[in-house]
Amino acid sequence: MSKSPEQEEHPRKAFGWAARDASGILSPFNFSRRENGIDDVAIKILYCGVCHSDLHLAKNDWGYTMYPVVPGHEIVGVVTEVGSNVTNLKVGEHVGVGAMVGSCKTCQSCQQDLENYCPKMIFTYNSINYDGTKTYGGYSDMVVVNKDFVLRWPDNLPPDSGAPLLCAGITVYSPMKYYGMTEPGKHLGVVGLGGLGHIAVKLGKAFGLKVTVISTSPHKEAEATERLGADSFIVSRDPVKVKAALGTMDYIIDTVSAVHPLAPLLGLLKPHGKLITLGLPDKPLELPIFPLVLGRKLVGGSDIGGIKETQEMLEFCAKHNIAADIELIQMDYINTAMERLAKADVQYRFVIDVANSLSQ
């Protein structure tokens, strides 16, 4: 049988699971990785989180998937080889790789340690690398990454439940830091109790905030308050509870990716309050201007974080014993997991046990 181009473009053999068309169905896939260069780190992948964007890209929901695609950008593994210019990492150490593996390193964003906003940022998968070849993600046995995009893994941070922090964690942590949403005693609202939302609750409590979860699902109240530690819970469809909470919140983090109204959320904010949206709805949201002007309120967005800030986030989470609530799965369960993820049927993040379940 002849080899596919993906198997021959690089010298190192690799194996993973890939989607080959817009059905999004993943199946075993032989491909190749580049040799370890002087600035590279080779990593045996142990765990990889399943992000909602993996589902979108597998199905080409955003219109730019390059098939075949190997998803996965919440990678935790162990170093197997380092290049001669790598001085801060050693073979045998645990490391993480998030949503990006390259940037131009010269633009203003890169100079400010904000590689995630570099116009030439290289995504961990479904992107074009420096050498013109395609990047493949963490649903695979190994990866080779430039040293500047490899994160040191704290000793006391679990590698399995910690993996989703590399996307979900930094996506929440970065806006909280940037928009000044960390002042102890202030009131944070968290809209949506999913992969991002449950991490936002944990981070909010670690920063000393009062945290209220805002959800359409009444059955999540016990989970939010009793297990995750939220101070209160509001069913967004309950007009009595919503009215009682008007003008009480300093900040709101909105993690919902479905189309939804913003006006009720703006009403929950105090004057000078901040509503930060992290979800990516497939249609534009309606933004009422009167509440912004009359209350000097702010609506903003944010997207992951730079490498320096991501390392800071990992250290913060290790110090405060913060990790994701996960369901550990085998690689051959991934298509069922994707179906469940599409229905929000997971508490709160799938993580693939790559090292113990990926075999050819």
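Reader: Which residues does UniProt place in the feature "domain: Enoyl reductase (ER)"?

Author: Happy to start there: the unreviewed UniProt entry puts that feature at residues 24-352. Keep in mind that this is a predicted model.

Reader: How do you know that the disulfide count is zero?

Author: A pair counts as a disulfide when the two sulfur atoms are within 2.5 Å. Take C107: the closest cysteine sulfur, in C104, is 3.6 Å away, so the distance is too far for a bond. C110 is in no disulfide either, with the sulfur of C107, its nearest, at 3.7 Å. By the 2.5 Å rule, the count comes to zero.

Reader: Why is C107 called buried?

Author: The cut-off for buried is under 20% relative accessible area. C107 has 18%, so C107 is buried. With 8%, C110 is buried too.

Reader: What makes up the largest nonpolar core, and which residues touch the most other members?

Author: Such a core is a set of buried residues of nonpolar kinds, joined through side-chain atoms within 4.5 Å. The largest one has 98 residues, and Y139, M176, L188, L203 and I334 touch the most other members. This core draws at least three residues from each of domain 1 (5-166 + 325-358) and domain 2 (168-301). There is also a second, separate core of 14 residues, with I214, L265, L268 and L275 among them.

Reader: What is M176 in contact with, leaving aside its neighbours within four places in sequence?

Author: Contact here calls for heavy atoms within 4.5 Å. On that basis, M176 is in contact with M181, T182, L188, L203, G204, F207, L209 and I253.

Reader: What is the area buried between domain 1 and domain 2?

Author: About 900 Å² is buried between them, and carbon and sulfur atoms give 48% of that. On the domain 1 side, L165, D325 and Y348 supply 62% of the area buried against domain 2, more than any other three residues.

Conventions:
Residues numbered from 1 in each chain as written. Predicted model: local features only at pLDDT ≥ 70, side-chain atom pairs only at ≥ 80, totals over all residues. Heavy atoms only, no water. UniProt positions renumbered as here; feature names shortened; annotations may be inferred. Buried < 20%, exposed > 50% of the residue type's maximum accessible area, 1.4 Å probe, protein only. Domains from an automatic or database assignment. Buried area = accessible area lost by both parts, 1.4 Å probe.
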